[in-house]
Amino acid sequence: MTTDHISPTLGWDDVYIVTTRDGSETLFSRSLNATYHSVYGAVAESKHVFIQHGLKSQSERPSIAILEFGFGTGLNAFLAYLFALDIEKQVHYTGIEAFPIDPVVAKQLDYPHYLAFPEESDIFQRMHAENELTSGPFHFHKLTAYTDILASETYDCIFFDAFAPGAQPELWEQAIFDHLFKLTSEGGCLVTYCAQGEARRRMEAAGYKVERLAGPPGKREMLRAVKQ
Ligand SMILES: C[S@@+](CC[C@H](N)C(=O)[O-])C[C@H]1O[C@@H](n2cnc3c(N)ncnc32)[C@H](O)[C@@H]1O
């Protein structure tokens, strides 16, 4: 375990808390004018897109390697941790985050209490304060850039949770999906809340077979891209 603290971090000048329709909270980025999750339900969206249609589709594997593009509030990482405890399998999570939030902001979000796991608050806080940790079957690792990932690594489930193409078009370019395709294991998948046609075509051009699935509350569709 390392105790490296990451800085600089985003504080209250950069983000503020918004309550979404399912009662769970998310952040609003002042500079990008965008929320970190759907305003129709932050936890509902994360569970539906990343856990239900991402992680669960890989749960027959003996262990699961996750790559998340955009660690953000740590909500998806924390849900992945709860999933690992539930299925009692080794889950290796790598999160990429170029602009980490201040742990003080994360503490205020308090997802462990919302999710009725207050006893896991310490792990949620440590995900923000540390770059690497292991708790039971869950192995957590955080990087600042996707280019830091070793070319030899592969992931069974990629949580593609960048801000929307309108807010950060550079994160939805063909080169990104080409790179992620190489990092996806055989039979592995990339899931995203975004159902935009251009994003789907780029995933297909990268080599994925893309499925359009029913979206989370407030959204008609989401995408799951599978490497066959
Ligand atoms: C939609 S939010 C992610 C929400 C997150 N998955 C969660 O559960 O809270 C997008 C995230 O991508 C991060 N980000 C933006 N540009 C990035 C980049 N170039 N590389 C890595 N992360 C980036 C943002 O700082 C933000 O945390």
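Trainee: Which pocket is the space taken by the ligand?
Mentor: Keeping in mind that this is a predicted model, the space that the ligand takes is the largest pocket, and about 760 Å³ of space lies in that pocket.

Trainee: Which residues line the largest pocket closest to its centre?
Mentor: The lining has 38 residues, and those closest to the centre are Leu32, Asp161, Ala162, Phe163 and Gln168. The elements that give two or more residues to this lining are β3 (34-35), β4 (63-69) and α2 (75-87).

Trainee: OK, and how many residues surround the ligand itself?
Mentor: There are 19 residues around the ligand, with Glu68, Gly70, Thr73, Glu97 and Asp161 the closest, and this shell divides into 9 nonpolar, 7 polar and 3 charged residues.

Trainee: How far is a polar side-chain atom of Thr73 from an oxygen atom of the ligand?
Mentor: That distance is 2.5 Å for Thr73, while an N or O atom in the side chain of Glu97 is 2.6 Å from a ligand oxygen, and for the side chain of His37 the corresponding value is 3.1 Å. Taken alone the ligand exposes 600 Å², of which the protein buries 92%.

Trainee: Changing topic, what volume does the second largest pocket have?
Mentor: Its volume is about 270 Å³, and the residues lining this second largest pocket include Lys47, Leu79 and Phe117.

Trainee: Which element gives the largest share of that lining?
Mentor: The largest share, 5 residues, comes from α2, and α1 (42-52) also supplies at least two residues.

Terms used
Residues numbered from 1 in each chain as written. Predicted model: local features only at pLDDT ≥ 70, side-chain atom pairs only at ≥ 80, totals over all residues. Heavy atoms only, no water. Near = heavy atom within 4 Å. Polar contact = N/O pair within 3.5 Å; in protein donor to acceptor, adjacent residues only side chain to side chain. Areas by Shrake-Rupley, 256 points an atom, 1.4 Å probe, with all protein chains shown as cover. 1 Å grid on protein atoms, 1.4 Å probe; cavity = no way out; pocket = protein on both sides within 12 Å on 5 of 7 lines; lining within 4 Å. Sits in = over half its atoms within 2 Å of the grid points. Nonpolar A, V, L, I, M, F, W, Y, C, P; charged D, E, K, R; others polar. Points joined across faces, edges and corners; volume = space filled by probe spheres on them. Helix = DSSP H or I, 4+ residues; strand = E, 2+ residues; numbered from the N terminus.
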